[in-house]
Each structure stands twice: as C-alpha cells, then as structure tokens.
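Try each task before you read its solution.

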Amino acid sequence: MESTLSTTWVSLYEAAKAVQRPRHVSSYIEAGGVAAAVESSSGRIYTGVCVDTACTLGICAERNAILNMMTNGEDAIRRVLTIMRDGRTGPPCGACREMMTQLMPSRFGDIEVMIDFAAGKTMTLADLTPQWWLRRCGCDRRAPLCGFLPPPIHQREADAGTRRPEPDRGASR
C-alpha cells in the first residue's frame with residue numbers, strides 16, 4: 001500500500017524522533033537506539049524506545065510503545081512507525097509483529113506500518129504477517145481452540161464468575 005505522508009505519519013515520526021536518544025544507562029543496559037510511535041484507535045500517540053541488556057531481558061521500541069498504550073488503558077492500534085539506529089524507518093521485528101497480532105487477532109490486518117518514511121511507503125500488518133501461526137492452527141479465538149493455548153483471560157474470568165473493571169479511558173497521563 002503506497003501512502004502520501006499524512007499529518008498523522010509526520011506526527012508519529014516526530015514523536016519517535018523526540019525520544020530516540022541512544023545512551024548507556026549502565027554498564028549492562030543501553031536504551032534509545034531504536035524508537036517507535038504507535039497511534040491508538042483513539043488517535044493518541046504513544047512512544048517507546050528499545051532497551052538492550054546484557055542478558056536478553058530487554059524490549060523492542062515497538063513493544064515498549066504498545067505497553068505504554070496499554071498502561072494508559074487503550075488496546076487497539078491504528079498505525080506503527082519505527083525509527084532504526086541509522087535514522088531510517090523500517091518494519092517491526094517478528095516478536096513485535098506477534099504482539100500486535102495477538103493484541104488484535106481479528107483486526108491485525110487493519111494496522112498500518114510505516115516501511116519507508118522518506119518514500120511514504122506503508123503496508124498493513126496482514127501483508128507483513130501473511131501466515132500467522134495461530135490462524136493456521138485455528139487458535140484465532142473465533143474457532144474452537146486446538147488445546148495449544150489456554151483459554152483467553154475473558155473466558156477464564158467468565159468461567160470463574162469474575163470480571164475485571166473496565167479501564168478508565170478518559171484518564172490522561
């Protein structure tokens with residue numbers, strides 16, 4: 001999917017660039033070499049940076065931004081933009097694609113991903129993830145589960161007769 005650069009993409013780029021500050025946090029941790037911005041379904045923009053550690057406990061910038069979004073009570077993504085260490089944009093890694101796909105299993109194909117900001121090239125997450133493994137085994141939560149995964153949290157809560165309160169989506173942080 002080709003795209004002209006909308007003001008939203010420019011805002012996402014600027015938000016990610018603003019937090020991309022490569023730095024050594026300690027002798028074992030580096031942060032900020034890669035930065036990401038996620039636009040939620042409400043239109044709010046959340047950012048995150050990669051955190052690299054000596055023993056693989058780090059996190060990618062995209063997942064950090066998504067967790068920031070989730071911390072603030074939102075759970076649906078419209079757009080994702082990632083700025084790599086060399087300053088160019090690029091697609092999320094497989095782990096980040098997997099998190100987005102699991103977050104929105106029936107709508108992950110709607111997520112737009114900036115591939116090349118300079119060229120204005122975007123793709124959908126469905127184009128980047130054409131053979132999602134949970135769809136292939138029937139575990140996309142629309143078909144009966146194959147037993148590979150536990151039931152979704154909402155199903156476990158319903159079975160137990162408990163329900164978590166809905167997050168306050170009006171809170172600003």
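**Exercise 1. Find the stretch where pLDDT stays under 50, and check what contacts the model gives it.**

Solution. Keep in mind that this is a predicted model. Colour the chain by pLDDT and look at residues 140-146, where the value stays under 50. For that stretch the model still has 17 contacts beyond four places in sequence. Now zoom out: the chain as a whole has a mean pLDDT of 84, and 73% of its residues reach 70 or more.

**Exercise 2. Work out which residues of helix α2 are buried and how they sit around the helix.**

Solution. Start with the helix itself, which runs over residues 61-71. Its buried residues are Ala61, Glu62, Ala65, Ile66 and Met69. Next, look down the axis of α2: these buried residues fall within an arc of 135 degrees, so they line one face of the helix. Then ask what that set packs against: strands β2 (29-40), β3 (45-53) and β4 (77-83), plus helix α3 (94-103). Finally, step just past the end of α2, where Gly73 has a positive phi of about 85 degrees.

**Exercise 3. Trace the largest nonpolar core and say which elements give two or more residues to it.**

Solution. A bit of background: in soluble globular proteins, nonpolar side chains tend to be buried together. Here the largest core has 16 residues, and the ones touching the most other members are Val38, Ile77, Met100, Ile111 and Leu125. The elements giving two or more residues are α2, β4, β5 (112-116) and α4 (125-128). Helix α2 gives the most, with three residues. Another core lies apart from this one; its 12 residues include Tyr13, Ala15, Ala16 and Ala35.

For a close-up, pick Ile77 and skip its neighbours within four places in sequence. Its remaining contacts include Val38, Ile66, Met69, Met100 and Ile111, along with the polar Glu39 and Ser40.

**Exercise 4. Which residues pair with Arg79 in salt bridges, and what do those pairs link?**

Solution. The general idea is that side chains of opposite charge can pair when their charged atoms come close. The structure holds five salt bridges. One of them joins Arg79 to Glu39, with the closest N and O atoms 2.3 Å apart. Arg79 is in strand β4 and Glu39 in strand β2, so this pair ties together parts that are 40 residues apart in sequence. Both partners are buried.

Arg79 also pairs with Glu112, at 3.4 Å between the closest N and O atoms. That bridge links strand β4 to strand β5, with the two residues 33 apart. Glu112 is buried as well.

For contrast, take Arg88 and Asp86, whose closest N and O atoms are 2.7 Å apart. Arg88 counts as exposed at 59% relative accessibility, while Asp86 is partly exposed at 49%.

Note on methods
Residues numbered from 1 in each chain as written. Predicted model: local features only at pLDDT ≥ 70, side-chain atom pairs only at ≥ 80, totals over all residues. Heavy atoms only, no water. Buried < 20%, exposed > 50% of the residue type's maximum accessible area, 1.4 Å probe, protein only. Helix = DSSP H or I, 4+ residues; strand = E, 2+ residues; numbered from the N terminus. Arc of directions from axis to C-beta. Contact = heavy atoms within 4.5 Å. pLDDT = per-residue confidence, 0-100. Core = buried A, V, L, I, M, F, W, Y, C linked by side-chain atoms within 4.5 Å. Salt bridge = Lys/Arg side-chain N within 4 Å of Asp/Glu carboxyl O.
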